[in-house]
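Trainee: Can we go through this model together? I'd like to start with some helix packing.

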Amino acid sequence: MDELREAVERAELVDGHAHNIVALDSSLPFLSCFSEASGKALAHVPSTLNFKRSLRDIALLYGSDLSLEGVQQYRLDSGIETITKICFKAAGISTVLVDDGLVLDKMLGADILPCAGRILRIERLAEDILDQGIKNGIPWTMDTFTDTDATKVVGLKTIAAYRSGLEINPNVTRKEAAEGLAQVLLAGSPVRITNKHLIDYIIVRSLEVALCFDWPMQIHTGFGDKDLDLRQANPLHLRNLLEDHRFLDCRIVLLHASYPFSREASYLASVYHQVYLDFGLAVPKLSVHGMISSLKQLLELAPLKKVMFSTDGCAFPETFYLGAKRARDVVFSVLRDACNDGDLSIDEAVEAVADIFAENAKKFYRIDTAVRSDTLIKLDNDVRKEVNSTRQDAVLVRVLWVDASGQHRCRVVPRKRFDSIVKENGLGLTCASMGMSSAMDGPADETNLTGTGEIRLIPDLSTRCKIPWAMQEEMVLAYMHSKPGQVWDYCPRETLRRLSQLLKQEFNLEMNAGFENEFYLLKSQLRDGQEEWVSFDKSCYCATSAFDAASPILHEVVNSLHFLNIDVEQVIRKVIYDRIQPNTWSGAYLCWGKENREAPIRTACPPGVPDGIVSNFEIKAVDGCANPHLALAAVVASGIDGLHRHLSLSDPVDENPDMLRDKLQRLPVSLAESVEALAKDTALEALLGEKLLVAIKGVRKAEIKYYSENKDAYKKLIYQY
């Protein structure tokens, strides 16, 4: 699917339906770009986008701090022209068609947009003409309507769904329209046309005009603001208009995927040659599942040559970018599934990408554009320079370490001080730092560590990077030295480095390791006034519904990892919800097995590897609460001990170890048993170091005591790991 993914990412986008951008000092709240804070004036903004997901996407695009304030400051520093250029280049938009019938505070001209064409909203145009007529004493006629300025006009649009519904009468009489006009004028100025006869008449006459100029007609269908009667927005109501022989050659596009009437719209596009579909607003306004299912419903009957996407961007350049970004993800998902199901070949799917994003719109709106594909989606060099020239530098640097209890901790310094002093001389840190348990920020008994004495955190500059969720900060991992240049015996990273070096020197072996990070997705809720955390969903192993629900969060995770140049090979959902227990795929007995997920050590032979050849070992007795450096160091130390003693593997267990419980040794069933086993392991003590082992055992003993005496204290661990 790499070819399809590349085609989606590089596809040109002709944006057939959008609105004007406003000045930076507009009264419209920028927050409405991300959330439901938008009022009636910005109902066309994709208002139900996940706030954090959208904010992160924009912050990553701009290289700003991951906060609303950080993004807003970047906008002010850069100016509207720069951020517009960045957003449109990143979105891959070559052409925008603007419905300028939505009037916004401090609305900018369309010349700020690329290759902009105009879509005339006929109800708004008629209302403007009537208002001018009332003001100047000039009577309204259809000649006045047809004599309007048509500069750069490429199409018309009706919002009859908002006013009188889509059951348009193509045979409305002039007399009925005149009576409707009289009622409208009685209400005075500003004029709002809601009379059905008058609206129907305006639509019919507009279609006649459209035929003369070879203009298409956009029709709002499906969902919208709360003043829309959804029952009257079903596109099936258009049948009489579509059957009228006068308008069989007038191209009509049904906007917004007609949601929730997507299947009805698909049917109309399949039986009426003049009907096309646009799924803008449905993407990105709906949930991930909703976006995907709506597009799939459109494609059930509608020809691929009649389906288009528009961003429906409004007011803020960021809405154009977010809409395009979501659309590319959705189109890829839908076409990938079509390929997997055998409905399309890869070549047909790649062609469909170009059609959906650009070619269909070019033909429908009679647009002739040509843009270089290598400037699209990925920011081109000029825009990257603009981004970098206006990007806010990191202000703070986090210096990180992981303590003996597995907690991630950091000291934070200004970037200027880090570059001038800390990166060479390190940071001071109390010796007690490696003696702290998860229960108390102080050295535990029996660790041999106290608040007396200080060590140095020495940054490993090879790990320095920007933090994708806090773009004005950097982070760097650190070694622990008793003084610069002198290793501290309690340093987990140094212990792992030393043992890896020993493995190489003595046996010419290197260990490549990775972590399959398993974690819970929880949500907070109040019960009897107390906060409690419950499962994000209750679905089963690898359930697609679970992925749909968590998809926005997982996309954030994947994007952040990609930002850090960490490849993501697979995202799945599975039950982990127990540790070191039988029948939970975590490994509870001392054994190993080939592709045996109940064994604590599993050899893997994934697809693409010759049969029988082991590509890697999976060790299950580790979780996200462990210090990763100590966990790997223990694995290396165990391997070195086995090599020293020329030990051989026992026979693999090829069945559920729990069925052999009488023959196999049970792994520790509690933290207390684990500490007892560690105390007896002389090999680990010799290789990891006596001082470090004493501290680890002291920390764990303190935790055993505390949590046995405080039965509900474990609930607070969620805030620490």
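Mentor: Helix 8 passes helix 9 in a left-handed crossing, meaning that the near helix is turned anticlockwise from the far one by less than a right angle. This is a predicted model, where local features need pLDDT of at least 70, side-chain atom pairs count only at pLDDT 80 or more, and totals for chains, interfaces and linings use all residues. Residues are numbered from 1 along each chain as its sequence is written, and side-chain values use heavy atoms, without hydrogens and water.

Trainee: Which residues of helix 8 and helix 9 make the contact?

Mentor: Helix 8 gives R174, E176, A177, G180, L181 and V184, and helix 9 gives H197, L198, Y201 and R205. Contact here is heavy atoms within 4.5 Å.

Trainee: At what angle do helix 8 and helix 9 pack?

Mentor: About 125 degrees, with the axes of helix 8 (residues 174-186) and helix 9 (residues 196-213) 7 Å apart. That makes helix 8 oblique to helix 9. Angles under 35 degrees are roughly parallel, over 145 roughly antiparallel, 65 to 115 roughly perpendicular, and the rest oblique.

Trainee: In which sense do strand 22 and strand 23 pair?

Mentor: Antiparallel, over 4 bridges, with strand 22 covering residues 601-604. A604 stands opposite N616 in strand 23.

How values were computed: Axes fitted to C-alpha atoms, helices over the stretch in contact; angles between N-to-C directions. Helix = DSSP H or I, 4+ residues; strand = E, 2+ residues; numbered from the N terminus. Pairing = 2+ DSSP bridges.
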